[in-house]
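Have a look at the model below before reading on. The notes that follow walk through it piece by piece.

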Amino acid sequence: MALCAAAASTATASASAHLSASTARPRGPSSTSLPSSFVGAFPCAVAARTRRRRAAAAAARATVTVRAEARKSVLIVNTNGGGHAVIGFYFAKELLAAGHAVTVLTVGDEASDKMKKPPFSRFSELTSAGGRTVWGDPADVGAAVGGASFDVVLDNNGKDLDAVKPVADWAKTAGVGQFLFISSAGIYKPTEEPPHVEGDAVKESAGHVGVEKYIAEQFGSCWASFRPQYMIGSGNNKDCEEWFFDRIVRNRPVPIPGNGMQLTNVAHVRDLSSMLSLAVEKPGAAAGRVFNCVSDRAVTLAGMAKLCAAAAGADAVDIVLYDPAAVGVDAKKAFPFRNMHFYSEPRAAKEALGWTSTTNLPEDLKERYAEYAASGRGDKPMAFDLDDVILAAVGKAPASVAV
């Protein structure tokens, strides 16, 4: 589509047009306001002075025009569950703070129980900043947004083409200039050379892959895809660091599958939203690109347990390593991370967008523990049935199943 390139150059073209118009139709003081003796004696000086005044006035008007054109209308189609909902929330907050117009379309019903949990329970932070929140079916996105028009659409909901196609088709028909998609770094094939970088082989059967191919076909270069991994941050409603805190505050062992040295990536959601925001600000740089939406440092699984313990103020953490097959448990159900190296690197965002990571796990986990403690979750009765099966299998007496 030509819209993407046009969007990137709109402000420049507008500024040039205003500059030409102001030169042809000058307003304000002119050389004739000077004494006639001065005009007659110093015609070149007068002309130069007039040109400087006109240029300054034109530049001022061009600056205002560029700023006005830079303000975009953005639609975020946001999932109503899982760990990705917080991405849309942070993205909306960042866009609003930058002066953009934002509408968040959340899947489902505003009166549902899901909306009582974060980040949805914090949507007042968006509306108080001038954002608009609506609920509905992405399959009928036009009706859900009341016929409003947008410069940019982010699909932060669909995981396959069936879910995303209606949004993408509507966006193309509506003349949206840029289509962004939250994919997943989970689509990469396992590699013997971690970390994953953009361009590595992906699983063709993955639903996200089909979406990326479709939006590339439909939008030419006017699209970008972002592949996140694990994330932390206020408002996240999917257990990550909380899984570790639950055990640490109860003085329970932390069972980790494998040898604990598997590498993964845990990014603060503010890093993800800042990457998305740069793509909106620099559509030309983001055009037709895939970005690993992650921090720029890895952490080991055992290291994550130790960092969480430090954030909780614990002197130490009792890490119990185990072989899931030998113990007879499904590691996917017993542990919140993949039992393998699952680590990607944000090379494309650094090179193309000039993005930098701000994730600092030791400090960010302190913030998360403060919220965890304030929630009272650490004082509630909690069962650890799978943990106890693992601990018994490795010959370690299981702790009590409740507080």
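How many aromatic pairs does a search of the whole structure find? The count comes to 17 aromatic pairs. Keep in mind that this is a predicted model.

## Aromatic pairs

Start with phenylalanine 120 and phenylalanine 123, an edge-to-face pair with 5.7 Å from centre to centre and 70° between the planes. Both phenylalanine 120 and phenylalanine 123 are buried.

Then there's phenylalanine 244 with phenylalanine 337. Their ring centres are 6.0 Å apart and the planes sit at 35°, so this pair counts as tilted. Phenylalanine 244 belongs to helix H9, while phenylalanine 337 is in the loop between H14 and helix H15 (347–353), so the pair ties together parts that lie 93 residues apart in sequence. Buried or exposed, what is phenylalanine 244? Its relative accessible area is 0%, so phenylalanine 244 is buried. Phenylalanine 337 comes in at 5% relative accessibility and counts as buried, because the cut-off is under 20%.

H9 covers residues 241–248, and it is mostly covered itself: 8 of its 8 residues are buried.

Take H9 and H16 to begin with. Their axes come within 11 Å and cross at roughly 65°, and H9 passes H16 in a right-handed crossing. On the H9 side you'll find Glu241, Glu242, Phe245 and Asp246, which meet Leu365, Arg368, Tyr369 and Tyr372 of H16.

H12 also crosses H16. Here the axes come within 8 Å, at an angle of roughly 55°, and H12 and H16 are therefore oblique to each other. This crossing is right-handed too. Met304, Leu307, Cys308 and Ala311 from H12 meet Leu361, Pro362, Leu365, Lys366 and Tyr369 from H16. Leu365 and Tyr369 of H16 show up in both lists, meeting residues of H9 as well as residues of H12.

## H7 alongside H8

How do the axes of helix H7 (residues 161–173) and helix H8 (residues 207–219) cross? They come within 10 Å, at roughly 15°. H7 and H8 are therefore roughly parallel to each other, and their crossing is right-handed.

H7 brings Leu161, Val164, Lys165, Ala168, Asp169, Ala171 and Lys172 to the contact. From H8 come Gly207, Gly210, Val211, Tyr214, Ile215, Gln218 and Phe219.

Proline 253 is in the loop between H9 and E8. With 8% relative accessibility, proline 253 counts as buried. Which residues is proline 253 in contact with, leaving aside neighbours within four places in sequence? They are Arg247, Asp318, Val320, Asp387, Leu391 and Lys396. Lysine 396 is 143 residues away from proline 253 along the chain, yet their C-alpha atoms are separated by 9.4 Å.

Serine 273 lies in helix H10 (residues 269–281). At 2% relative accessibility, serine 273 counts as buried. Its contacts, again leaving aside neighbours within four places in sequence, are Tyr90, Phe91 and Glu94.

## The whole chain

Stepping back, the secondary structure comes to 17 helices and 13 strands. Of the protein's 403 residues, 47% count as buried. Looking at contacts with a separation of 6 or more, 81% are between residues 24 or more positions apart.

Terms used:
Residues numbered from 1 in each chain as written. Predicted model: local features only at pLDDT ≥ 70, side-chain atom pairs only at ≥ 80, totals over all residues. Heavy atoms only, no water. Buried < 20%, exposed > 50% of the residue type's maximum accessible area, 1.4 Å probe, protein only. Helix = DSSP H or I, 4+ residues; strand = E, 2+ residues; numbered from the N terminus. Phe/Tyr/Trp six-rings, centres within 6.5 Å; stacked < 30°, edge-to-face > 60°. Axes fitted to C-alpha atoms, helices over the stretch in contact; angles between N-to-C directions. Parallel < 35°, antiparallel > 145°, perpendicular 65-115°, else oblique. Left-handed = near helix turned anticlockwise from the far one by under 90°. Contact = heavy atoms within 4.5 Å.
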